[in-house]
Amino acid sequence: MELIIIEGSLLQVEADVIVNPANSLGYMGGGVAGVIKRAGGSIIEEEAISKAPIPIGSAIITTAGSLPFKGVIHAPTMEEPAMATTEEKVRRALRASLELADKMGFKSIAIPGMGTGVGRLPKDIAAKAMIEEIKNFKPVNLEKVILVDIDKELVQKWKEHVR
């Protein structure tokens with residue numbers, strides 16, 4: 001499985017699906033979720049809420065609205081909006097994202113920093129956890145994981161942990 005690390009916008013990468021580091025209730029107010037909703041339309045949030053509650057360690061897929069993806073994978077890193085998160089919750093959310101994308105037959109997935117914004121997890125801890133989970137994942141269908149974020153420091157931490 002190829003791993004690509006990019007500094008930039010999640011919404012501008014070429015991938016089958018993108019990941020929303022969600023909350024269990026499906027609300028898409030702040031952080032990456034808010035950006036996805038504003039760009040793709042409130043239909044994404046409406047569908048996520050209709051499938052809630054989404055337990056930590058699981059993931060759901062919704063439409064991507066007007067975005068050019070085959071769907072948005074919502075993987076909770078927190079139970080309620082704007083809660084602080086933990087390394088373990090980030091690991092479980094990332095694992096659930098990869099598993100769902102793979103199970104659905106997608107070839108590529110784009111993932112932003114998980115837990116590093118609204119979730120307030122230190123970037124180094126989140127980056128290390130994310131890289132470890134990706135390295136440990138054994139895909140059947142998934143060929144490419146794209147880690148993408150506008151945060152320079154996070155992108156640098158990902159690169160450090162790949163070495």
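Student: What is the relative accessible area of Y27?

Tutor: Y27 has a relative accessible area of 43%, so Y27 counts as partly exposed. The scale runs from buried (under 20%) through partly exposed to exposed (over 50%), with a 1.4 Å probe and protein chains only. The model is a predicted one, in which local features need pLDDT of at least 70 and side-chain atom pairs pLDDT 80 or more, while totals for chains, interfaces and linings use all residues. Residues are numbered from 1 along each chain as its sequence is written, and side-chain values use heavy atoms, without hydrogens and water.

Student: Where in the chain does Y27 lie?

Tutor: Y27 is in the loop between β2 and α1. Helices (H or I, at least four residues) and strands (E, at least two) are DSSP runs, numbered from the N terminus. The C-alpha atom of Y27 is 9.2 Å from that of A52, although the two residues are 25 apart along the chain.

Student: Which residues form a nonpolar patch on the surface?

Tutor: A patch joins residues with over 30% relative accessible area and no salt bridge: like charges within 9 Å, or nonpolar side chains (Val, Leu, Ile, Met, Phe, Trp, Tyr) within 5 Å. Here L25, Y27 and I49 make up the nonpolar patch, and together they have about 240 Å² of accessible area, found by the Shrake-Rupley method with a 1.4 Å probe, only the protein chains shown counting as cover for residues. I49 belongs to helix α2, residues 42-50. I49 is partly exposed, at a relative accessible area of 33%.

Student: How many salt bridges are there?

Tutor: A salt bridge puts a side-chain nitrogen of Lys or Arg within 4 Å of a carboxyl oxygen of Asp or Glu. The count by this rule is 14 salt bridges. One of them joins the side chains of E143 and K107, at 3.8 Å from N to O. E143 is in the loop between α4 (123-136) and β6 (144-149), and K107 is in the loop between α3 (87-103) and β5 (108-111), so this pair ties together parts that are 36 residues apart in sequence. Both ends are partly exposed: E143 has a relative accessible area of 47%, and K107 has one of 38%.

Student: Which residue does K123 pair with in a salt bridge?

Tutor: K123 pairs with D151, and their closest N and O atoms are 2.9 Å apart. This pair also links distant parts of the chain, with K123 in helix α4 and D151 in the loop between β6 and α5 (152-162), 28 residues apart. K123 is partly exposed at 22% relative accessibility, and D151 is partly exposed at 23%.

Student: What separates K128 and E132 within helix α4?

Tutor: About one helical turn separates K128 and E132, because they are four residues apart in helix α4. Their salt bridge has its closest N and O atoms 2.8 Å apart. K128 counts as partly exposed at 37% relative accessibility, as does E132 at 27%. Both belong to a network of salt bridges that links E87, R91, R95, K128, E132 and E133.

Student: How many residues line the largest pocket?

Tutor: On a 1 Å grid over the protein atoms alone, a pocket is an open set of points where a 1.4 Å probe fits, with protein on both sides within 12 Å along at least five of seven lines; lining residues have an atom within 4 Å of a point. The largest pocket has 32 lining residues, and P21, G30, G31, V32 and A33 are the ones nearest its centre. At least two lining residues come from each of β2 (17-23), α1 (31-40), β4 (71-78) and β6. The largest share, five residues, is supplied by α1.

Student: Where are A82 and R120 found?

Tutor: A82 is in the loop between β4 and α3, and its phi is positive, near 65 degrees. A82 is partly exposed, with 48% relative accessibility. R120 is in the loop between β5 and α4. R120 is not a glycine, yet its phi is positive at about 60 degrees. With 54% relative accessibility, R120 counts as exposed.
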